[in-house]
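Colleague: I would like to go through the terms used for this model and see what stands behind each of them. Please set each value against its rule.

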Amino acid sequence: MTQAETTTALTFEDFKKEVLNDYKIAITSRECSLLGRREVLTGKAKFGIFGDGKEVPQLAMAKAFRNGDFRSGYYRDQTFMMAIGEMTVQQFFAGLYGHTDIEHDPMSAGRQMGGHFATHSLNEDGSWKDLTKQKNSSADISPTAGQMPRLLGLAQASKIYRNVPGIDTDKFSVNGNEVAWGTIGNASTSEGLFFETINAAGVLQVPMVMSVWDDEYGISVHAKHQTTKESISEILKGFQRDDKKGFEILKVKGWDYAELVSTYEKASEIAREEHVPVLIHVIELTQPQGHSTSGSHERYKNAERLEWEGDFDCVKQMKSWMITYNIATAEDIESIDNEARKEVLEGKKAAWNAFVEPIKNEQKELTDLLENIADSSINKIFIQKYSNDLASIKEPIRKDLLVTARKILRMIVKESGREKLAKWISDYTNKIQPKFSGNLFSESDENVFSVKEVLPTYDESAEDVDARLVIRDNFDAIFNKYPEALIFGEDAGNIGDVNQGLEGMQEKYGELRVADVGIREATILGQGIGMALRGLRPIAEIQYLDYLLYAIQIMSDDLATLQYRTRGKQKAPLIIRTRGHRLEGIWHSGSPMGMVINAVRGIHVLVPRNMTKAAGFYNTLLTTDEPALVVECLNGYRLKEKMPTNLGEFKTPIGIVETIKKGSDITIVSYGSTLRLAEQAAKELLEIGIDSEIIDIQSLLPFDISHDILKSVMRTNRLLVVDEDVPGGASAFILQQIIDEQNAYDYLDSKPQTLTAKAHRPAYGTDGDYFSKPSTEDIYEKVYQMMSEANPAKFPALY
């Protein structure tokens, strides 16, 4: 199909105007790349990675992109963002400079390097905008192929909105007509996340259009080292749909404007109307400036390749095509080029001035203060030297100011000027630090701290039941109350999960809301992230806690950083459900909580001791706008608990510990399955006169926001942290929070101690558990040893 055939409704003049506008965007983007590289090499910007060579296919993608659609992309998509009207030249350079004002750098407020793009899904108060009336880009991440799992969820949301009745689609979908558009470099298709997502999209049949920008290189490494047959479309031919479900696979040259426009319109129509995924392999692309500002492509491309790239540069080819078809003359094109260069230069200057002027004002404010302080200081000469050096910096950064101020503060610690300078440093830090550290968690009225505890209620005749029934019936209440809630995971659907906590739910709520998925943890997480970005309330189930390692990169790089890297302009309130701690064998009984909590800051990590507490966490989270991981106790499903009468309504508070046994001699802090052992040990210790207080942490992130553990230590003056993670794992974090953050050290009469699992994975079997993780006897003897040190006469040594 030719370009003319795609524009039959246009007059030639209209068509010409549209093409010339496209070219203007392409050449503007190219000039941004060229000038951007110079800004890095002259030191104004730290690093640059640009979209030069990919301009024309991105124009074609933008033309097929509709309101409501979502992009999950690659850090070279600047032309696309300009073409959909979501990035200006000035904003491009603001991102390059790292401007911390979201109005100037709407992509990330300086938190990500340039080339990482996002649109704003949220209003100032954290509420949703109408995503159906704007073009949307989920916030990029740098890890190659890391954008793929989320893409799957963005596409699946359209399938849910189209096929699940009862959901309020206002602001989120128009009959599921939205397409999720993915972009990736050809070398990054070597990543497992790419293949996992492609397979899952083919299984799920979701409206996804995946563009592979193929310039034959990954950094400096040629495609022959990256991809079998040097072609991703060739090796994916088995995915081509026929009488069975699959992909539509299209291949197009990246310099052929007319064919690109036709191809992208075709892909859009297939995905949008049929909900069939499409792969577009865009070949014969170039990368004129190489991979990034870190090096030059002349080092690894031979003369023949460089000559070819000069001839088949997509912008150059578009110019030739326009002249051939009488759309523009060489003079017309030169005029557009000159205008674009001027606009880019002006935009760059405006961005730099907007970035540096506030800092210059702060620079003058500080130097004026330092001159005033110097007048009455015995260190006047030194202070004036520092002040003059600071004033001489023509393009200061905020680090320069604070380094100078803090060095001078040391000189005047005993002088009258100390108080003024200390106040300036404190005020300045309080003002500036949030620009770099705010929005790790939700700051809206729907954050987790806005939810108050609601206790479970019970009939007088309430019977003890298997705890799995509590979680199952609570899920039933959740799905009935929230039509937008859905759950999916391995064995979650047909059999109702491996522990039957979802028994009967698929039959009642359908296969789209309670779904089985393949063995692919990373894209299970990705499904959840993408759907949550589009207003659904997904619960992504990872069968066992140990299996979370497959998905930890997605959790850490994407979900945990989302609110932070968008300065609070996007959210994905995904609930991740898993189960873990004690069971049998290396791969089913791990508790890598230290790794988890240190990798996922930005996600709440909840560790309920029983199923009622877990159900309460799910009820709480569904009223908030934040992501969380809930780790159910794997050995708790067959234990007995009473069935509450207010299922779906009772709420476990987040960040609040619970004292489950009062005591006066020692505070024992733990969570999850280990608490039952601690309770048994406490009973046995009480028989010999040691009265232990036991505290259930309940949530590791956030941790004890009311400092109730400190209040306990103030009474008992001793502390033991019991944890089934490895030594120095979660126990180190817990101890740091209690001793460092809560200042419990001031109230301790004995050294605070930890009791953890052994350094290795748990061995198989009951004996493996006993010799690998803390036992009741271990807890008893550790407490006894601590009391023996304090009072050996009353508690003589056991060993």
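Predicted model: local features only at pLDDT ≥ 70, side-chain atom pairs only at ≥ 80, totals over all residues.

Colleague: How do the residues of the lining of the largest cavity divide into nonpolar, polar and charged?

Modeller: They divide into five nonpolar, seven polar and one charged. Ala, Val, Leu, Ile, Met, Phe, Trp, Tyr, Cys and Pro count as nonpolar, Asp, Glu, Lys and Arg as charged, and the others, Gly among them, as polar. Among the 13 lining residues, Gly95, Met107, Gly114, Gly115 and His116 lie nearest the centre of this cavity.

Modeller: Residues are numbered from 1 along each chain as its sequence is written, and side-chain values use heavy atoms, with hydrogens and water left out.

Colleague: What makes one space a cavity and another a pocket?

Modeller: On a 1 Å grid over the protein atoms alone, a cavity is a set of points where a 1.4 Å probe fits but cannot get out; a pocket is an open set with protein on both sides within 12 Å along at least five of seven lines, and lining residues have an atom within 4 Å of a point. Grid points are joined across faces, edges and corners, and a volume is the space filled by probe spheres set on the points. By this rule there are four cavities of 30 Å³ or more.

Colleague: Which residues lie closest to the centre of the largest pocket, and which element gives the most to its lining?

Modeller: Of 26 lining residues, Lys46, Tyr97, Gly98, Phe355 and Ile397 are the closest to the centre. Helix α11 gives the most, with four residues; a helix is a DSSP run of H or I with at least four residues, a strand a run of E with at least two, both numbered from the N terminus. By class, the pocket lining has 13 nonpolar, seven polar and six charged residues.

Colleague: How do you know which domains the pocket lining draws on?

Modeller: The lining draws at least three residues from each of domain 1 (12–328) and domain 2 (356–435), with bounds from an automatic or database domain assignment. The centres of these two domains, taken over C-alpha atoms, are 45 Å apart.

Colleague: Why are β1 and β3 called a parallel pair?

Modeller: Two strands pair if DSSP finds at least two bridges between them. Strands β1 (residues 70–72) and β3 (residues 180–185) have three bridges in the parallel sense, so they meet the rule. Arg71 stands opposite Trp181 in β3. Both strands belong to an open sheet of six with the order β2-β1-β3-β4-β8-β7. Its edge strands, β2 and β7, each pair on one side only.

Colleague: What is the pairing in the open sheet of five strands?

Modeller: That sheet, β17-β19-β18-β21-β22, has mixed pairing. Within it, β18 and β19 pair in the parallel sense over five bridges, and Thr667 has Glu693 as its bridge partner in β19.
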